[in-house]
Each structure stands twice: as C-alpha cells, then as structure tokens.
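Hello,

Here is the structure I promised to pass on to you. Have a look at it first, and then read my notes below.

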Amino acid sequence: MKERWKRVLSVGVLMIVGITIGLFLRDDNKSVTKNLFAMDTYMELTAYGRNSEEAVEAAVQEIQRLDALLSTGSEMSEVTIVNREKKGSLSEDYAYLLKRSMELWKLTDGAFDITVYPLMQAWGFADKKYRVPSVTEIESLLTYVDTSKISYDETTNEVVIPEQAQIDFGGIAKGYTSSMVAQIMKKYHIQSAMFNLGGNVQTVGTKADGSLWRIAIKSPYDNVPYLGVISIAEKAVITSGGYERYFEEDGIRYHHIINPKTGMPVQNGLVSVTIICEDGTMADGLSTSLFVMGKETAISFWKAHSEMFDMILCDEECKLYVTEGIKECFSTELEYEIISKY
Amino acid sequence: MAKKVAYSAILVALAMIFSYVEVLIPFHFGIPGIKLGLANLVVVIALYLLKPSQAFSISVVRIVLVAFLFGSMPSMIYSLAGGVLSFTVMLLLKKSKGFSMMGISIAGGVSHNVGQLLVAAIVVENMSVFYYMPVLLVAGLITGMLIGIVAKKVCRHLRVAID
Amino acid sequence: MFKKKDVTLIIAVLILAGLIAAFLRIYSGETGETVRIMIDGNEYGSYPLGEDSVIEIGNAFGYNRIVIENGEVFMQEADCPDQYCVEHKAISKTNETIVCLPHKLVVELHVQNREDDFDSIAQ
C-alpha cells in the first residue's frame, strides 16, 4: 500500500514538474507591446520572449528619463539649463551626446550642427509658432551657429558655450534613445525586439521566428505607398525628410531641416534620406546631415565611409539611390540606381 | 465509504495543485482566462474510480475553490462551462461503451476547450474569438491524449489500492 | 491503447479543426482587418475596415473625426494646431498609422491571422 502511494505520488510530482517546465518554455513566445508619447512624438516598443514585460517597462522608464534630460521644451532639463547658464558640469548622457555630436560635426564638415537651434527657434519649429525670418535676422543668427565654439573639457566634464549659442540634440536624441533601449533589451537577454520612436526604427536580433524584420520606408508622395521595404536584423533604420514637419506661407512650403550654413530649409532636390546601420545614434545624425549635404556630396561621403553605414536617397523625380551594401535586402517597385564604392 | 471520501479529498487537492500551476503560467491563447484543463486528469481518474455524482462534485468543487483562491470571475465562468461540458461528454461516452480511457480523456479535453470558448464568445460579445477554435481543438486533443496516458497508468495502481 | 472509436474521435476532431481553419482563412479577408484607435497609449476602440463608418472623438485632448471608407481610413477633421493628421494620406495597409500628436491619438491598421507586408515604417 505504502509503496503504491509512493509510486503514484512520484508520477504526480514528475508530471507537475514536466508540465511546469513545458509551460515555462512556452513563455518564450510571448510578446509585449507598449505605446507612449514622449520626446514630442509617438513611440511603439515591442519585445518578445521571457523578461519582455520587465524589459519593455525598463525601456519606457529610460525613454522618460532621457526625455526629461534632453527636452528643449522643459525648463528643468539639462539641455535647457546649459543653454541658459552657458556652462555646466555634464551628466554622462549629455557628455556622450556632445562628444558624438562634435565628432559628427567634424565628419560631416559642418552639415550636422547641434548649435543650429537659434535658427530653429527663429523659424518657429521649436514652439510651433511658425514664421519666415528676415534675411538680416537669419544672417545675424548664423554667426552663433558653430560647433567649434563649444569648449568641452573631457577631464573635468565641464562645458562652456558662447553667450548667444544654444544647443539642441534633436537631430540625434531619438537615435541615441533607441541605442540605449537596445542596450536595455540586451541586459534583459531579449533576443527579439523592435522599436519605432517617431519613425526611427531600431531592431534587436531577428523576429521571434528567426526571420528578418521587414521595415517599410515612408514615401513623401501621395501616389506612392512606400519607397520600398528593407529586410534587416540588429540594425537601425532612420529616415529624414522635409515632409515630417513643415508649414506653408504664401504658397511656399518651409520644412524643419535647416541648413546650418545658410540658415534656410534645405532645398537641394532630395526628398528623403534613409540610413541603415547598427548604431542608432550615428544613423540619426547622418540622416539629417546627408539630407543637408544633397545627393552628390552624400554619395561621395558614403564612398569615403562605406564601412560605417548604408543609405537610400530619394530625389524629387522619385528616383532612388541605394548603396551596394543593402542591394540584396532592399526591394522596391520604384526606379533605382545602385551606388557602388568604385 | 470513508476511503472514498478520503480519495475525493485527495483528488480535489491534486486538482487544485494542477489548477494552481495553470493559473501561475497561463497559456497564451489570446483570450485571457482560458485555460488548458490539466486538472481534467483528476476528473478522468475520479470518473473511473468513484461514482459519477462524486466525480462531478470533485470537478465543481475544485473549480469553485480555485476561482476563489487565485482566479477571477471570468476565469471561473470559463472553467465552469468547460468543466461541466467536458464532464457531461465524458460521462455520456463512458456509458455508451466502445471508448477507451484515452478516447474519453480526449473527448473531455476537446469539449473542455469548446465550452470555454462558447462562454468567451458570449462574454466578450465578439465572434472573432472563434479564430482560436482550431488551435483550441487541437490543444484539447493533445492535452486529452497526455491526460489519457497518465490517467491509465495512475488508475492501474489506484484501483489496486482502492479495492 | 487506442480503441477503434478513439481513433475515429481523433480523426473527427482533426477534420473539424481543419475545416474551421479553412473556413476562417477564406472569410478572414473580409473580417480580419481592423482599425484600432489608441488614445494616450490605451485602446479606445476597434472598427472593421470593411464597413464604412465615421468615428467622432471628443475628449480633454480635443476633437477628431476619423472616417473609414472603401477600405481606407483617414482623418477628416481635427482641431489640433498642426493638422498633420488631417493632411496625412489615407491608410489601407497593415501597420500603417495616422498619429495626431497633440491629441495623443493614434489610428492604426491591425490584421489578425494574416502575414504582414512589413513590421514597421521608417519615416
């Protein structure tokens, strides 16, 4: 009698253990999606697998932390404080963004410039009170636009900026945020995740079933649904275009990408620039600055730095220029030209 | 008689453990509250060892207890619907002869899921839950089979113990 | 282990599951696509893309009128300052969205049981 009960009991225990293990394994297929409004845009985060709940929760907190730090709209943010005090001892995030921005400024020969903010304000893109500034106003503001006038001491972590200068990381902040969120996913051992931070897409690993993520690239044209679809893993896809934010006055459309050299919205025949690379921060910075450069300069820039990134340019004739590194994974129905290094 | 009461109590306890495991880690069928019905194992065993009325009370008692302890209102309604439907189907099939314990267990697993789904469709007032029907049918088939295998083994030992 | 009737039962269940799956697959084209409206990250409601309708939303954030017509969704009217949502072209594909940022409102297309064209949109 006793022996039999033992046997029954052991069968029961074994079953419960087995079922529990089975159920835990099944948990790997779960996914968590979270939507939020932050950094003046709409964000969507999705993670797959165990820990996805905690990982997405941590990601949301990180986004809110960075938003509070980098927002130009808040009186309390570090960005606003430095712009007001003209000096400061920097946080780790601010210091990193400043270093990366200065590197990018050098790399892009001034096409990427975080000190363009006074012009953004003049055009009304900072507070949505749009207006067309006068030529003299633009010219006087342009004298404050110069990243080289920022003095940053890496040993003491102190920054000093000229009296009239203002810094805004808007051209790089969302990309940096997506990189940080990707790191959080790694910390939680997430194998598969994707976030769309206001159009900036960052992927972690592959899709849950092992296949590549398929990211469509928005078309600025009403009659074209998409520029194309790119299949990627573990990369950021970031597009910049004049169609994102703009206003019209006297029948002329003014968009939000201001050339730091002319102080005017960029008009060079490009309608959008998409950058594909592992580093979200760089992808974000490059998408804006290559848009500023224009087609020819952007292409020669890529030829000089082809190991760093790939890109898709779209011009006013709706023609695409696709770099050779992604020719296998990009599909489109539009006319396109492959850019090769040599 | 006392022995049978003791058996009933043990079976209810065992069923609760299974239900607890289910509550802890629910399967993701897309409808919150829908469960796999692992505790059906106990009901299948009870159906063979005890009187139908006793087996039925085990089934209902464990559902109510589990719902009060770790469940929610919708999950109790789903479980009751699934539990009652699968019990009725199993009892009818057992009486009709021709089915082995395996067949009865499978019928129980499948009808358990069908019962839950029908209630879910009424509760959420949305026919789209029927998208899950094929998955739940096959899931019920598989759990039913597993339960059938285990129930057969357990009963062989228990029957010797009970007589 | 199995009796004849057991096997019949298993086959019957499998056939039934297959038939329902096939049936759903055929008809899901008409019923599967839904227009989901989210406000401040929470779901406000879901509407079938196949049925023409007008959804008016007025709340603390503001007023929006969303129109579902001929398998497309667009923002017909909104009292937000930037009007980007009204200027946004009509959407008709899975995972496409119209966002009204000032009102924290998102209209997205969502398809059940169907292979998506893509997972996200870079813009």
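This is a predicted model: local features need pLDDT of at least 70, side-chain atom pairs count only at pLDDT 80 or more; totals for chains, interfaces and linings use all residues.

**A salt bridge in chain A, and what lies around it**

A:Glu337 is partly exposed, with 35% relative accessible area; on this scale buried means under 20%, exposed over 50% and partly exposed in between, using a 1.4 Å probe and protein chains only. Its partner in a salt bridge is A:Lys319, at 2.9 Å from N to O. A salt bridge here is a side-chain nitrogen of Lys or Arg within 4 Å of a carboxyl oxygen of Asp or Glu. The two residues sit 18 positions apart and link distant parts of the chain: A:Glu337 is in strand E17 (residues 336-339) of chain A, while A:Lys319 is in the loop between strand E14 (310-315) and strand E15 (320-323) of chain A.

Residues are numbered from 1 along each chain as its sequence is written, chains are lettered from A and ligands numbered from 1 in the order in which they are written, and side-chain values use heavy atoms, with hydrogens and water left out.

**Other salt bridges**

Over all chains, the whole structure has 21 salt bridges. One of them joins A:Asp146 to A:Lys149, with the closest N and O atoms 3.8 Å apart. A:Asp146 is partly exposed at 22% relative accessible area, and A:Lys149 is also partly exposed, at 47%. In chain C, the side chains of C:Arg65 and C:Glu56 meet at 3.7 Å, N to O. C:Arg65 has a relative accessible area of 21% and is partly exposed; C:Glu56, at 46%, counts as partly exposed too.

The size of an interface is often given as the accessible area lost when the parts come together. For chain A and chain C, the buried area is about 2400 Å², and 52% of it is on carbon and sulfur atoms. (Buried area is the accessible area, with a 1.4 Å probe, that two parts lose on being put together, summed over both.) On the chain A side, A:Phe37, A:Lys218 and A:Tyr226 lose the most area to chain C, together 29% of what that side buries. In terms of contacts, meaning heavy atoms within 4.5 Å, 33 residues of chain A touch 22 residues of chain C.

How many salt bridges are there between chain A and chain C? The count is one, and the side chains in it are those of A:Lys207 and C:Asp119, 3.1 Å from N to O. There are also 16 residue pairs in polar contact between these chains, both residues at pLDDT 80 or more. A polar contact is a pair of N or O atoms within 3.5 Å; within protein, one must be able to donate a hydrogen and the other to accept it, and residues adjacent in sequence count only if both atoms are side-chain atoms.

Which strand supplies the largest share of the side of chain A that touches chain C? That is E8(A), with six residues. Strands (E, at least two residues) and helices (H or I, at least four) are DSSP runs, numbered from the N terminus. E8(A) also pairs with strand E8 (residues 120-122) of chain C, in the parallel sense and over three bridges; two strands pair if DSSP finds at least two bridges between them. Within this pairing, C:Ala122 in E8(C) is the bridge partner of A:Ile217.

A:Thr41, in strand E2 of chain A, is buried, with a relative accessible area of 12%. Leaving out residues up to four places away in sequence, A:Thr41 touches A:Leu36, A:Lys174, A:Leu197, A:Gly198 and C:Leu101.

**A word on chain B**

Chain B has six helices and zero strands. Of its 163 residues, 55% count as buried. B:Leu92, in helix H4 (residues 73-96) of chain B, is exposed, at 57% relative accessible area.

Best wishes
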